[in-house]
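Biologist: Please take a close look at a single part of this model and walk me through it in plain terms.

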Amino acid sequence: MIAFKHHRQQIAMLLAVIIAMTLLFSSIFVLTHLNHDCTGMNCVVCSELRTCIRTVHLLSQTLGSGILFIFAYNCFKNQARKYNAGILSSRLSLVGLKVRLNR
Ligand SMILES: [Zn+2]
């Protein structure tokens, strides 16, 4: 089980590095080739620029959605944990606990 978890961590790290390198090199290609000697129709550099911009846009949207989903999931999980622990429960008030203060 530990070896399987370690293997999953390695695969996740490899995928993260691949995505980061794709974003980095696509951005570098766009920045360095934005002012090129364009041949007009069927320009290979323009085609590659469009592909790189599309890739950066897609990966950014996907990563942003994933980060938002993970953040919302963790917030919901923490709120559920607090509620289950009784922190957010109405029974923790003095009235809810039926504490008598006039003794
Ligand atoms: Zn071009």
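Modeller: The helix α2 has 42 residues and reaches 61 Å from its first C-alpha to its last, close to the 62 Å expected at 1.5 Å a residue. That expected span is 1.5 Å times one less than the number of residues. Helices here are DSSP runs of H or I with at least four residues, strands are runs of E with at least two, and both are numbered from the N terminus. The model is predicted, so local features need pLDDT of at least 70 and side-chain atom pairs count only at pLDDT 80 or more, while totals for chains, interfaces and linings use all residues. Residues are numbered from 1 along each chain as its sequence is written.

α2 is hardly covered, with one buried residue among its 42. Buried means that 20 or more other C-beta atoms lie within 10 Å of a residue's own; exposed means 12 or fewer, partly exposed is in between, and C-beta atoms are placed from the backbone.

The UniProt record, an unreviewed entry, places "transmembrane region" at residues 12-31 and 58-76. Its positions follow the numbering used here, feature names are shortened, and annotations may be inferred rather than shown by experiment. Residues 58-76 are 100% helix and 0% strand, with end C-alpha atoms 27 Å apart.

Asn42 is exposed, because 7 other C-beta atoms are within 10 Å. Its phi is positive, near 60°. Most residues other than glycine have a negative phi. After α2 comes Gly86, with a positive phi near 95°.
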